[in-house]
Amino acid sequence: MVQRVSTVAFEGIEVRPVDVQVQVAPGMPAFTIVGLPDKAVSEARERVRSAMIASGLALPARRITINLAPADLPKEGSHYDLPIALGLMAAIGAIPHDAVAGFAVLGELGLDGSIAPVAGVLPAAIGANARDEGLICPAACGPEAAWASPEIEIIAASSLIQLANHFKGTQVLSRPQPKILEVNGAELDLADIKGQESAKRALEVAAAGGHNLLMVGPPGAGKSMLAARLPSILPPLAPAELLEVSMVASVAGEIEGGALTNRRPFRAPHHSASMPALVGGGLHARPGEISLAHHGVLFLDELPEFQPQALDSLRQPLETGEVAIARANHRVTYPARFMLVAAMNPCRCGRAAEPGYACRRGLNARCTADYQARISGPLLDRIDLHIEVPAVTAADLILPPPTEGSREIAERVALARERQARAMPPSGYRTFAATRRFPAPCSRMWHGRMGAGCRCCAKPPMRCGSRHAAIIACCVSRARWPISTAPTKSAACTLPKRCPIARSPMRSGARHRARPGKWEPVFRPDAR
Ligand SMILES: Nc1ncnc2c1ncn2[C@@H]1O[C@H](COP(=O)(O)OP(=O)(O)O)[C@@H](O)[C@H]1O
Ligand SMILES: [Mg+2]
């Protein structure tokens with residue numbers, strides 16, 4: 001007789017049902033697993049054998065065959081240990097034959113019979129609930145599974161013996177309760193930052209519109225400090241967003257203690273990160289940093305130091321909000337709707353903009369242009385706001401702490417997002433692409449205010465109707481006043497052709513010619 005246990009395989013954050021078929025037949029003693037198992041699944045043999053012995057059960061000296069159906073779907077991960085063990089226990093009569101019928105099972109076994117936490121319990125629970133099944137999972141993952149539905153039956157055990165006792169009725173396990181992660185310690189606050197009012201305002205506008213942001217400034221200007229405080233002004237995740245974010249974190253095995261959090265993710269990978277680390281993939285498909293930053297912030301500090309190939313791989317996800325990873329043996333799609341915040345020095349030595357500083361490597365402008373040319377134009381094109389963060393002065397540092405902190409700014413951001421949600425179709429988190437579709441008011445007012453000091457404008461200043469202008473104007477109509485950038489042009493902007501921060505005059509000109517007079521000057525100062 002063949003014993004069947006239901007489990008799942010993961011394809012991105014989607015789950016595919018897998019049937020674990022266990023046969024104990026007469027013949028030479030053997031233990032075989034078939035159905036495209038990877039190394040971790042093949043090694044389940046040894047873990048299951050040891051865990052059963054540790055739980056007081058001996059494997060029969062017969063021919064044991066485990067088939068993971070469908071046989072053509074690759075099986076990865078260690079979560080097949082528990083369904084295999086329960087199938088075997090049912091086959092040898094250690095638990096009732098129908099004990100695990102109507103349950104999806106996943107969990108990793110230790111040699112002592114303990115059940116260790118595994119990745120992907122939340123999507124597995126959601127999948128099981130959709131198929132009207134219950135879930136058997138490790139005790140540590142129980143609270144995570146409980147988020148799937150209040151109705152789903154969950155058995156969360158910490159050892160094989162506990163499970164056997166539960167099925168016999170001698171020790172009934174209670175249903176775990178959903179848990180939310182408590183934030184320990186005080187959150188970083190924007191009130192810690194002295195001066196830098198323009199940069200703080202830019203951060204607020206970026207947070208309100210979900211815009212990508214690039215900060216350029218000398219070392220020690222406080223760029224990393226500003227970025228680290230961005231989560232403190234972002235609104236908490238909405239329930240639908242929370243579920244999406246948690247599904248990605250669950251598949252990546254990043255949910256600790258089964259507790260979910262409604263705080264937006266903030267990911268800050270080191271600049272040595274490879275392309276698979278950023279966008280996902282590798283031998284076993286895994287979500288990358290951009291997917292782990294879904295509905296949150298991806299902070300790339302020292303942007304030009306990242307591998308150019310890794311940076312350019314962000315271009316497509318920035319537009320589409322998802323990343324499709326295709327390899328020879330799998331093709332998966334992960335959501336990646338994130339806000340890109342980047343920081344960089346203006347040049348390699350970082351001091352080119354300092355008055356009177358002479359770079360040892362040659363002209364200041366050349367040092368700047370060489371450094372900034374590491375970032376491709378199309379990537380810069382996708383960053384909506386480019387701001388200059390000037391060095392903080394001693395006078396700023398001795399100022400008393402600002403009266404306005406993250407709490408007040410977060411309130412304004414939440415208000416702005418609320419207004420956007422009312423004005424725009426319910427597409428949720430605003431992306432660059434979404435912003436582009438938004439009918440943009442004219443930015444003449446914006447240009448009037450910015451004048452020659454506009455950091456983003458080449459010569460002549462960016463025209464109404466250009467993509468960037470539309471986005472800024474979109475912020476303007478929702479913010480109290482336009483974001484101000486550094487009062488003076490940077491040295492880089494005196495060479496617009498070489499300055500990647502400045503929009504290419506040729507390109508913005510071409511756009512303008514393509515849509516002459518498209519946008520009429522309509523600025524609504526009362527729009528808040
Ligand atoms: N505006 C500021 N207010 C208070 N401290 C600051 C400010 N700017 C920089 N600092 C101090 O300088 C340190 C370095 O700042 P950091 O954010 O790492 O600079 P950057 O990333 O621009 O090189 C911070 O840890 C902080 O102590
Ligand atoms: Mg820094």
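A residue counts as buried if 20 or more other C-beta atoms lie within 10 Å of its own, as exposed if 12 or fewer do, and as partly exposed in between, with C-beta atoms placed from the backbone. Keep that in mind for I383, which is buried because it has 21 C-beta neighbours inside 10 Å.

Before going on, note that this is a predicted model, in which local features need pLDDT of at least 70, side-chain atom pairs count only at pLDDT 80 or more, and totals for chains, interfaces and linings use all residues. Residues are numbered from 1 along each chain as its sequence is written, while chains are lettered from A and ligands numbered from 1 in the order in which they are written.

## The chain as a whole

You're looking at a chain with 21 helices and 18 strands. Helices (H or I, at least four residues) and strands (E, at least two) are DSSP runs, numbered from the N terminus. Of the 528 residues in the chain, 47% are buried. Two residues are in contact if their C-beta atoms, placed from the backbone, lie within 7 Å. Take the contacts with a separation of 6 or more: 75% of them are between residues 24 or more positions apart.

Which residues does I383 contact, leaving aside neighbours within four places in sequence? They are N212, L213, L214, L340 and A342. H211 is 172 residues from I383 in sequence, yet their C-alpha atoms are 7.5 Å apart in space.

G222 is another loop residue, found between β11 (213-216) and α8 (223-228). G222 counts as buried because it has 24 C-beta neighbours inside 10 Å. Not counting residues up to four places away in sequence, G222 touches I193, Q196, V389 and V392. G222 and V392 are 170 residues apart along the chain, with 7.6 Å between their C-alpha atoms.

Most residues other than glycine have a negative phi, and most peptide bonds are trans. Here are two residues that go the other way on phi.

| Residue | Phi | Loop |
|---|---|---|
| Q196 | positive, about 50° | between β10 (179-180) and α7 (197-209) |
| H295 | positive, about 65° | between α11 (289-292) and β14 (297-301) |

Are these two buried or exposed? Q196 counts as buried, because it has 23 C-beta neighbours inside 10 Å. H295 is buried too, with 23 other C-beta atoms within 10 Å.

There's also a cis peptide bond, joining A69 and P70, with omega about 5°. P70 belongs to the loop between β4 (63-69) and α3 (81-91).

Helix α4 (residues 121-130) is mostly covered, with eight of its ten residues buried. Those eight are V121, L122, P123, A124, A125, I126, G127 and A128. What do the buried residues of α4 pack against? Their partners are the strands β1 (2-11), β2 (14-25), β5 (103-105) and β8 (134-138), plus the helices α5 (142-145) and α9 (239-251). After α4 comes D132, which has a positive phi near 60°.

In helix α14 (residues 364-372), the buried residues are N364, C367, T368, Y371 and Q372. Seen down the axis of α14, these buried residues fall within an arc of 120° (the arc of the directions from the helix axis to the C-beta atoms), so they line one face of the helix. An α-helix has 3.6 residues a turn, so residues three or four places apart point the same way.

## Helices that cross

Axes are lines fitted to C-alpha atoms, for helices over the stretch in contact, and angles run from 0 to 180 degrees between N-to-C directions. A crossing is left-handed if the near helix is turned anticlockwise from the far one by less than a right angle, and right-handed if clockwise.

Helix α2 (residues 44-54) packs with α3 at an angle of about 50°, and their axes are 10 Å apart. α2 passes α3 in a right-handed crossing. The contact is made by A44, R47, V48, A51 and M52 of α2 and D81, I84, A85 and L88 of α3. These residues divide into seven nonpolar, no polar and two charged. Here Ala, Val, Leu, Ile, Met, Phe, Trp, Tyr, Cys and Pro count as nonpolar, Asp, Glu, Lys and Arg as charged, and the others, Gly among them, as polar.

For α7 and helix α17 (residues 406-423), the axes come within 8 Å and cross at roughly 35°. α7 passes α17 in a right-handed crossing. E204, A207 and A208 of α7 make the contact with I409, R412, V413, A416 and R417 of α17. The residues of this contact divide into five nonpolar, no polar and three charged.
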